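Trainee: Could you walk me through this model? I'd like to ask things as they come up.

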2 protein chains.
Amino acid sequence: MNNPIKIAVDAMGGENSPLKIIKGIEIHSSNTSNVFYNIFGNKKIVEPLIKKTNLNINNYKIIHSDKLIDDNDSPLAAAKKGKDTSMWLSIESLKNQQSDAIVSAGNTGALFVIAKLNLNMINKIDKPALSALWPNKDGMNIVLDLGANIECNEKNLVDFSLMGAALHKSLFENEDSKVALLNIGSEEIKGNNVIKNTYQILSDKKNPLFEFNGYIEGNQIMDGKVNVIVTDGFTGNVALKTAEGTANFITNELKKALNSSFLGKISALLNIKNLKNFKNKLDPRLYNGAILLGLDKPVIKSHGSTDEIGFANSLKVCEKIINGKLIEKIKKNID
Amino acid sequence: MNNPIKIAVDAMGGENSPLKIIKGIEIHSSNTSNVFYNIFGNKKIVEPLIKKTNLNINNYKIIHSDKLIDDNDSPLAAAKKGKDTSMWLSIESLKNQQSDAIVSAGNTGALFVIAKLNLNMINKIDKPALSALWPNKDGMNIVLDLGANIECNEKNLVDFSLMGAALHKSLFENEDSKVALLNIGSEEIKGNNVIKNTYQILSDKKNPLFEFNGYIEGNQIMDGKVNVIVTDGFTGNVALKTAEGTANFITNELKKALNSSFLGKISALLNIKNLKNFKNKLDPRLYNGAILLGLDKPVIKSHGSTDEIGFANSLKVCEKIINGKLIEKIKKNID
């Protein structure tokens, strides 16, 4: 390969790992070129799994570690286990310039703490934010913060706007980034002081990276008029999980409705292609890969419970972020 | 009628009023007995509409007012218009013991301000909360606050728990009320201090009205394990609207999927009964009727954009709250 991009993959965390991780790498590598995988995990388990794939031996390296961070470890316990675990070593490979981005399906709290211990914050950014993809009518939103910071001040929300827009531009280079602040349409005074002050700052000072579109309410998240949605980590986490719960509720009710009679079953069969299209559009694996923004290297978190297709998508996010020069975009546009 | 319950109906607010209001009263009255409607609005418009219904002349009274509060009036402007409007008069009829509950599909901010000007807070309750019905797998949740208070302290959230449980018991007398606090599953410290302190107070001091079930996350709102969900007005408003937006997004995608081919159209026709059942379960008109809790009389807000069926449901909410002795339940169980 000609100067490939290098992705550090923690092979050991999450459900059904490392099997789904290796299969995910196989899927991703068959749809791309010029990507090299640094695979961190127990060689005795990982190597036989790779042998069963058609992964080119020139496209990966296994870095052995027989210690791993358990999905139930507290962040503190995980940090103490530390330096010889697959997660720590994979993050360390960013610091040592051996990898360009890291992805793990393991323990989220541990990933954040170990990333913060090993990597620097981008200059002038005070707090990292967790961001993820969220579908809208016309494409994809970036939403942040999704839970890294319970309380945020104006400076944090302004930083999140910039970082979210940089991420959006890295992933969807041909689209304009349109930022909005998540607010409420209460009949009382609209929003708290932090939100109002952030609105003022973003209105007063244009940033070349994005257009500021003011406030949106929760029911407008998916209408496609903006694509970067900024909020504090408490609100963002509740919103994301409420949307997930609502989607599950509706699709379960729909399944019940379609199976509740013989006629229903037959017509559901007839409808199978259309319903598949519908299901595909809502498939959460498509949106897999949350990004911890604010550190000076890209750290990507895959859902622990996703499968190989979902994990392959988080590898695609890594690839796009590296090629889209996310970190440079943030640094260049920060005030 | 034998000592009927009396509902004050502001006939003039919301889309397509007073037509949908009068039709809604007709629907409600045909499904109940012993309810008397005090209808506030322009007699010249309202009376001919009522004449077209089969409403029994002994079951209603029209109280004339030719002033009305516009849906676009600010709460302050509305309060200044004041005393001769249909909204003001309908709320005043609670103060004067002429009605037992008031419902309006008009301007929400105006309704709250005029209600607060005319009615007393229940003793020891500091802040009113807006609560509404939200479907879950097995039935209905009460969720509050949905936007009346952007910031809440421990005392407020404890009060909301009690008031929400009292409302739940009034509407669903045979069910146990199970309260939970909406929180996040962030890997950082779980929740802010207000939520943690509220958790402690509710755990330490049992209330006979409800069982306290700790924290839930947004994706658990609809799983039916609890039925009274407490949060601050900012988070609650974002959660509710995000759920609405998600539901709209999915049902729109579904419609597109079912119409995207000829075969799809045929099988959608075959499926029509099942899909109708599905749609009925999600029909927002079923959940119409938000309740402003904390005042010493029941104040109910219908969605402005609902139709007569939705408005009839908000009348049913009024009826259940009066018969369920909501205000007494709150007073009796307050500390």
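Trainee: What share of the residues in chain A is buried?
Mentor: Buried residues are 53% of the 335 residues in chain A, where a residue counts as buried if 20 or more other C-beta atoms lie within 10 Å of its own, exposed if 12 or fewer, and partly exposed in between, with C-beta atoms placed from the backbone. Keep in mind that this is a predicted model, in which local features need pLDDT of at least 70, side-chain atom pairs count only at pLDDT 80 or more, and totals for chains, interfaces and linings use all residues. Residues are numbered from 1 along each chain as its sequence is written, while chains are lettered from A and ligands numbered from 1 in the order in which they are written.

Trainee: And the radius of gyration of chain A, what does it agree with?
Mentor: Chain A has 21 Å, which agrees with the value near 20 Å that a compact globule of 335 residues would have; the radius is taken over C-alpha atoms, and the globule rule is 2.2 Å times the number of residues to the power 0.38. Along its principal axes, the C-alpha trace of chain A spans about 60 × 60 × 40 Å.

Trainee: How many helices and strands does chain A have?
Mentor: There are twelve helices and eleven strands in chain A, helices being DSSP runs of H or I with at least four residues and strands runs of E with at least two, numbered from the N terminus.

Trainee: In what order do the strands of chain A sit in the sheet?
Mentor: The order is β3-β2-β1-β4-β11-β10-β5-β6-β9-β7-β8, in an open sheet of eleven strands with mixed pairing; two strands pair if DSSP finds at least two bridges between them. At the edges of this sheet stand β3 (60-64) and β8 (211-216) of chain A, each with a single partner strand, so one side of each has no neighbour in the sheet. On average, neighbouring strands are turned by 25° against each other, direction ignored, where axes are lines fitted to C-alpha atoms, for helices over the stretch in contact, and angles run from 0 to 180 degrees between N-to-C directions.

Trainee: Is β1 of chain A enclosed or open?
Mentor: Five of the six residues of β1(A), residues 5-10, are buried, so this strand is largely enclosed by the rest of the structure. Strand β1(A) runs parallel to β2(A), residues 35-41, and six bridges join them, with A:Ile5 having A:Val35 as its bridge partner in β2(A).

Trainee: Which strand does β7 of chain A pair with in the parallel sense?
Mentor: Strand β7 (residues 178-182) pairs with β9 (residues 228-230) of chain A over three bridges, and A:Val179 has A:Val228 as its bridge partner in β9(A).

Trainee: What lies across the sheet in chain A?
Mentor: Helix α5 (residues 108-118) lies across β4, β10 and β11 of chain A, at about 175° to β11(A). Helix α6 (residues 154-171) lies across β5, β6, β7, β9 and β10 of chain A, at about 160° to β9(A).

Trainee: Changing topic, how do α8 of chain A and α8 of chain B cross?
Mentor: The axes of α8(A), residues 233-259, and α8(B), residues 233-258, come within 8 Å and cross at roughly 35°. This crossing is right-handed, meaning that the near helix is turned clockwise from the far one by less than a right angle.

Trainee: Which residues make that contact?
Mentor: Among them are A:Phe234, A:Val238 and A:Ile250 of α8(A), and B:Phe234, B:Val238 and B:Ile250 of α8(B), a contact between two residues being C-beta atoms, placed from the backbone, that lie within 7 Å. The residues of this contact divide into twelve nonpolar, six polar and no charged, where Ala, Val, Leu, Ile, Met, Phe, Trp, Tyr, Cys and Pro count as nonpolar, Asp, Glu, Lys and Arg as charged, and the others, Gly among them, as polar.

Trainee: Where is the cis peptide bond to B:Pro18?
Mentor: The bond runs from B:Ser17 to B:Pro18, with omega near 0°, and B:Pro18 is in the loop between β1 and α1 of chain B.

Trainee: And what is the phi of B:Asn3?
Mentor: Phi of B:Asn3 is near 50°, a positive value in a residue other than glycine. Most residues other than glycine have a negative phi. B:Asn3 is in the segment before β1 of chain B and is exposed, with 7 other C-beta atoms within 10 Å.
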